[in-house]
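I set out to record what I looked up in this structure. The entries follow in the order in which I made them.

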Amino acid sequence: MTEIIKPGSSLENFSRIVKLLTGGKIIGLPTETVYGLAGDATNEQTVATIFALKNRPGFNPLICHFAHLQDIHTHCFVPPILEDLARAFWPGPLTVILKLKPSSNISSLTFAGLDTLAVRIPDHPIALEIIERFGRPLAAPSANPSESISPTLPEHILKAFGGNPSLALIVDGGPCKIGLESTVLDLAHDKPVILRPGEISKESLEKIMGDIEDFAVTQNKNIRAPGMLKRHYAPTIPLRMNAVSVQPGEALLAFGENVIESHGTVLNLSPSGNLMEAASNLFTMLHQLDHPQYTGIAVMTIPQQGIGVAINDRLKRAATSL
Ligand code: TXA
Ligand code: MG
C-alpha cells in the first residue's frame, strides 16, 4: 500500500521527498486548496505519468507550483500587475495564466503545448518547504481521477490511487484549509478573465486590477480553460442541486439551519450558514456520501455570493451527467 508520511520538521523526511522528486517520482502534495499529484514539471516522463495516473486528457494543462515570484520570472513573461496581485494574494489560492518564455525548460506536456503556463504559489508550509528544497517547479493537478471529486484528505488519495506504483508516497499536511481549488485568472490575453472561480473573488481581484471579464460570460464564448466545461468533481451516484425535498433513497447535503425534511442520511455543509465552512466541507462530505447505498445526493440551495459562486460552480459540474 502507498505510504503516507507526516514530514513534521524532520530534515530526513524532506530530503527523502526531494530525492524522490529529483528521481522523477510523483507524490501526493498537501496545499491549502486541495491535495495535488506533484512531480518535476521539467521532466517529460514524470508529467506524462501524472496524466496517465489521473486518466487526464493531454489537452488539459497542469498548474506549476512555485515558492517565489522570482522563479516565475525565469519561465514566464510577468506583467507588472502581477507584482500587485502577488503582494495581495500569494502565497494563496490564486492561479494566473501567463505567456511562457521560449527559454523555459518546463515540459510542453505540462502546458499541453499552449504558449501559456498556469502558475501559483500555494499557502501551505509543507508544500512551500518541499518546492523550495526541490528548487524546480512542481506540476500538480488535483489528486483525483479525471472528472471525479477532488481530495481534501490524504485518505482520499489513498482510496483513488493507493497501491499504484506510479505514486511514490503521500505527504500528510492535514485537512485542506480552503477545500476548493484556486481561482484561475488569465492574464495572458488582451483582457483579464476569471477561468475558474475560487475563494479569491472577482470583486477582491478587481479592487487591485480594475475590471475583469466574468467567467460565466466567457464560458459561453470561447473556452480558454480547456478543463472547465466538462462534467467534473462528480460522485459516482447522481447529484442534484437546489433540492427542496428529498426522494426516498437519497442522501441529503444540507446548508444552514432550516434543513428540509429527510428520513435518511443528512450531512450539513454549515449548520450556521457560513459559506467558508461550507466550501471547506464540500468535497469531504461528497466523498462521504458517494456510496452505492444511496440512489443519489440531493443538495440544498447554496447562496450565490462570495465563495458560494465557486461552490455552485463545482456543484453544477458535479450534477452534469455523462
Ligand atoms: O487549487 C488548485 O489549483 C489545485 C492545487 C493542487 O494547486 N490544482 C488544481 O489543478 O486544481 P487542476 O489540474 O485540477 O486544475 C487546473 C485548471 C484546469 O481547469 C486547467 O484547464 C487550467 O487550470 N489550466 C492550466 N493551465 C492552463 C493554461 N495554460 N491555460 C488555461 N487554463 C489552464
Ligand atoms: Mg482538478
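Is Cys 64 buried or exposed? I found Cys 64 to be buried, because its relative accessibility is 0%; buried means under 20% relative accessible area, exposed over 50%, and partly exposed in between, with a 1.4 Å probe and protein chains only.

I note that this is a predicted model, in which local features need pLDDT of at least 70, side-chain atom pairs count only at pLDDT 80 or more, and totals for chains, interfaces and linings use all residues. Residues are numbered from 1 along each chain as its sequence is written, chains are lettered from A and ligands numbered from 1 in the order in which they are written, and side-chain values use heavy atoms, with hydrogens and water left out.

**Cysteines.** I looked for disulfides, that is, pairs of cysteine sulfur atoms within 2.5 Å, and the structure holds zero. For Cys 64, the nearest cysteine sulfur is that of Cys 76, 7.9 Å away. For Cys 176, the nearest is that of Cys 64, at 19 Å. Cys 176 is also buried, at 7% relative accessible area.

**Aromatic rings.** I applied the rule that rings of Phe, Tyr and Trp (its six-membered ring) pair if their centres lie within 6.5 Å, with planes under 30 degrees apart counted as stacked, over 60 as edge-to-face and the rest as tilted. The count comes to one aromatic pair. Tyr 233 and Phe 283 are stacked, 5.7 Å centre to centre with 25° between the planes. Tyr 233 lies in the loop between α8 (215-220) and β12 (239-240), and Phe 283, 50 residues apart from it, in helix α9 (residues 275-289); helices (H or I, at least four residues) and strands (E, at least two) are DSSP runs numbered from the N terminus. Tyr 233 is buried at 1%, and Phe 283 is buried at 0%.

**Salt bridges.** I counted 14 salt bridges, each a side-chain nitrogen of Lys or Arg within 4 Å of a carboxyl oxygen of Asp or Glu. One of them joins Arg 136 to Asp 40, with the closest N and O atoms 2.5 Å apart. Arg 136 is in the loop between α5 (125-134) and β8 (138-139) and Asp 40 in strand β3 (residues 36-40), so the bridge ties together parts 96 residues apart in sequence. Arg 136 is partly exposed at 33%, whereas Asp 40 is buried at 2%.

I also recorded Lys 202 and Glu 206, which meet at 3.5 Å, N to O. Both lie in helix α7 (residues 202-209), four residues apart, so about one helical turn separates them.
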